[in-house]
Amino acid sequence: MFKNTNLAARIFERQTRCSTPGTNIHRVRKFYENLVPSYTIYDVECPDYSFRKFTEDGKYLISFSRNYQELIVYSPMWLTYSCCGDACDAHELPPKAKKFDSFFTQLYTVSLASSNELICKDFFLYMENNQFGLFATSTAQVHDAPATGGAVQGVPSIEKITFHLLRLEDGIILDKKIFHNDFINLAHNMGVYLYDDLLAVVSLRYQTIHILQIRESGNLVDVRALGEFCREDDELFLLSSAQSGTMNEHSRQKQALVNSNDGVPSSEHYEVRNVFLSGIKQRLLSFIFRAIWNEEVDETQRVQSLKKKFYFHFQDYVDLIIWKVQFLDRHHLLIKFGSVDGGVSRNADHHPAFFAIYNMEAAEFVAFYQNSADELYFLLEKFADHFHTPPNNSLHMNFISSHSNNLHALEQLTSLKNKSGSLSQFVKKTLVSLPFTCQSQSPSPYFDQSLFRFDEKLISATDRHRQCTDHPIKFIARRQPKVPKFKIKPGPEAGNTDARVKKISSFLFHPILPLAISVQQTLFLQSSVVNIHFRK
C-alpha cells in the first residue's frame with residue numbers, strides 16, 4: 001500500500017518498490033485516488049442523442065438517435081488545449097473545448113430499425129475479445145394477444161424481435177436473429193445473458209431458453225432450445241411414440257361420434273390435445289419429487305411428506321413459468337421461476353419465486369430453492385463473484401465490488417441484515433437480484449468500495465436511472481474519510497428552477513479514464529442536460 005497520497009511520490013514509490021505477487025492491478029488502481037474527474041463542464045453542447053453506455057474496455061461510447069432508429073458510435077479521446085503563462089490551471093477552458101466533439105469522435109452511424117421497429121434503448125451486450133456488439137429492435141407490444149401455439153396465457157406478444165450482431169470497429173452488421181410473435185424482456189438485458197461466446201435468450205411467451213453461440217466469424221448459431229424438449233432427440237422419440245397410438249386415437253374418435261346423441265362429436269372428443277407438460281417442467285417436478293422422497297426414510301412419513309409438500313402444491317409447481325436465466329458456467333444455468341403475473345410485471349418483488357440450477361449436458365436439475373432459502377443466501381454472501389460470471393479474458397469486469405471480495409461491501413450487507421426485523425424478509429429482498437443481469441454494472445474504479453465511499457441511493461455501479469438531486473454527489477476517499485476527493489453534480493450548474501418537476505439522472509463512467517457523463521432528463525419530456533466530468 002502507498003504510504004503517501006501525493007501523486008508524484010506514489011509514482012516514485014512505484015519505481016523503487018516491488019508489489020506483493022498477485023496485487024499489481026490492485027496497487028495500480030490506488031492511483032485513482034489522485035486521478036479523479038474533478039472538473040465539470042455543465043450543459044455541454046452536444047447532439048440530441050440518447051447515450052447508452054461505454055463498452056467495458058472503454059473503446060466505444062454507444063448512443064442512439066432520439067427516434068430510436070439509428071445507432072451512433074463514438075470513440076473517446078482526451079481533451080487537449082494550449083494556454084499562455086504559468087498558471088494554466090486557473091485559466092478558463094476555451095469555448096471549443098467545452099463542446100462534446102472535443103471529448104468524443106463520431107465513428108459511424110448505422111440504421112438498425114425499420115419503419116415499424118424501434119431500437120430497444122436499454123439493451124446492449126458487448127463481447128470484449130471480438131469487439132462485437134449485440135443490439136435489439138422490436139415492434140410494439142400487444143398486451144391482449146391470444147395464447148396460440150403453446151403460448152402462455154397473459155404474456156404479451158411482440159410481432160417481431162430482431163437481434164443485430166455488429167462489429168463495433170467499423171459498424172458492419174454481421175448477423176441477425178429474428179423472433180416472431182414472441183415476448184423477450186429486453187429492458188436492461190433482463191431476458192438475455194452472455195457468457196463468453198454463449199448467449200441465453202428467454203422466451204417468456206413460449207417458455208423456451210434459446211442457447212446460441214457467437215462464432216468468431218460473427219455468426220449467431222443455434223445450439224439448443226430448452227423448454228418443450230431438453231435433448232436433441234426428445235421430439236423424435238415422442239413422434240415415434242405418437243405414431244404407434246394414432247390408430248387407437250382414430251378408433252376412440254369414431255366411437256365418440258357413434259355414442260353422441262346428435263351424431264356430432266363434442267369438442268373434447270374431436271380435439272386431440274397435448275396432455276404432456278414441457279420437458280423442462282417435467283424434469284423440475286421429478287427433481288422436487290425425488291428431493292422430498294429422499295428426506296424421509298420411514299415409508300409412512302415419506303408418504304405424508306409427499307402429500308404435504310408435493311401433491312398439495314402440485315398445481316402451483318405446474319403453473320410456474322421461467323422468469324429469468326443466467327449462466328453459472330458453460331454447462332449450468334440458474335433459472336428463476338414464478339407466476340405469470342410476476343414474469344410480466346415491472347416489480348416482481350412481492351411475487352413468490354423459486355430458483356433452480358439446471359445442467360444442460362445431463363438435462364437434469366441439480367438444485368431447487370425457494371426465494372427465502374437460507375442456504376442460497378449464504379452461497380450468495382460468500383461466493384457472489386461466482387454468480388456474476390465475468391468473461392474469462394476481461395481485465396476490467398473482475399474488479400467490481402461485491403460483499404464476497406470487498407470488506408466494506410460485506411460490512412454494509414451485515415449492517416442491513418442486523419437492522420432487518422425479519423431474517424426471512426431480508427433473505428427474500430437480497431435474493432431478488434438473482435439471477436444477476438448481464439453487464440449491468442460499471443467496472444469504473446470510482447465505484448471500487450475499497451477506494452471510495454459514496455451514497456448508493458444517489459449513484460452506484462448498477463446501470464439504472466436515479467432520482468435527481470440538486471446537491472452534488474460526493475466521492476470520499478476511504479483512506480481519508482473526511483476528505484471529499486471529487487463531486488458529481490448532474491443538471492444545470494445553478495440547479496433546477498422548478499422543484500415540482502420530477503427529474504431523473506443517469507451516469508456513464510469510463511472504465512479507465514477519469515471521465516464521466518451525467519445526463520439529467522425531465523420525465524415525459526425529450527429535453528436533457530448533459531454534463532462532462534473529467535480531470536483538468
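Contact here means heavy atoms within 4.5 Å. The structure is a predicted model in which local features need pLDDT of at least 70 and side-chain atom pairs count only at pLDDT 80 or more, while totals for chains, interfaces and linings use all residues. Residues are numbered from 1 along each chain as its sequence is written, and side-chain values use heavy atoms, with hydrogens and water left out.

**View 1. Surroundings of Asn189.** Asn189 sits in the loop that links strand S11 (172–182) with strand S12 (192–195). Leaving aside residues up to four places away in sequence, Asn189 touches Arg52, Asp122, Phe123, Phe124, Leu125, Thr437, Cys438 and Gln439. Its relative accessible area is 2%, so Asn189 is buried. Buried means under 20% relative accessible area, exposed means over 50%, and partly exposed lies in between (1.4 Å probe, protein chains only). Helices (H or I, at least four residues) and strands (E, at least two) are DSSP runs, numbered from the N terminus.

**View 2. The whole chain.** The chain holds 13 helices and 26 strands. It has 536 residues, of which 47% count as buried. Among contacts with a separation of 6 or more, 57% are between residues 24 or more positions apart. The accessible surface is about 28300 Å², and carbon and sulfur atoms contribute 52% of this surface. Accessible areas come from the Shrake-Rupley method with a 1.4 Å probe; for residues, only the protein chains shown count as cover.

**View 3. The sheet S2-S3-S4-S5.** Four strands form an open sheet in the order S2-S3-S4-S5, with antiparallel pairing. S2 and strand S5 (104–111) are at the edges with a single partner strand each, so one side of each has no neighbour in the sheet. From one strand to the next, the twist averages 25°. Two strands pair if DSSP finds at least two bridges between them. In a regular strand the side chains alternate between the two faces of the sheet.

**View 4. Strand S3 and its two partners.** Five of the five residues of strand S3 (residues 61–65) are buried, so S3 is largely enclosed by the rest of the structure. Strand S2 (residues 49–54) runs antiparallel to S3 and is joined to S3 by five bridges. Ser50 is opposite Phe64 in S3, and Lys53 has Ile62 as its bridge partner in S3. The hairpin of S2 and S3 has six residues between the strands, and Gly58 takes a positive phi near 80° there. Strand S4 (residues 70–76) is also antiparallel to S3, with four bridges joining the two. Ile62 stands opposite Val73 in S4. The hairpin of S3 and S4 has four residues between the strands, and Tyr68 in the turn has a positive phi of about 55°.

**View 5. The sheet S12-S13-S14-S15.** This open sheet of four strands has the order S12-S13-S14-S15 and antiparallel pairing. S12 and strand S15 (220–226) are the edge strands, each pairing on one side only. The twist averages 20° from one strand to the next. Strand S13 (residues 198–203) pairs with strand S14 (residues 208–214) in the antiparallel sense over six bridges. In this pair, Leu198 is opposite Gln213 in S14.

**View 6. Packing of helices H10 and H12.** Helix H10 (residues 374–382) packs against helix H12 (residues 407–419) at an angle of about 150°, and their axes are 11 Å apart. H10 and H12 are therefore roughly antiparallel to each other. Tyr377, Phe378 and Glu381 in H10 meet Leu410, Leu413 and Lys417 in H12. The residues of this contact divide into four nonpolar, no polar and two charged. Axes are lines fitted to C-alpha atoms, for helices over the stretch in contact, and angles run from 0 to 180 degrees between N-to-C directions. Angles under 35 degrees count as roughly parallel, over 145 as roughly antiparallel, 65 to 115 as roughly perpendicular, and the rest as oblique. Ala, Val, Leu, Ile, Met, Phe, Trp, Tyr, Cys and Pro count as nonpolar, Asp, Glu, Lys and Arg as charged, and the others, Gly among them, as polar.

**View 7. Thr430 and its contacts.** Thr430 belongs to helix H13 (residues 423–431). With a relative accessible area of 13%, Thr430 is buried. Residues up to four places away in sequence aside, Thr430 touches Tyr377 and Leu380. Lys417 is 13 residues from Thr430 in sequence, and the C-alpha to C-alpha distance between them is 9.6 Å.
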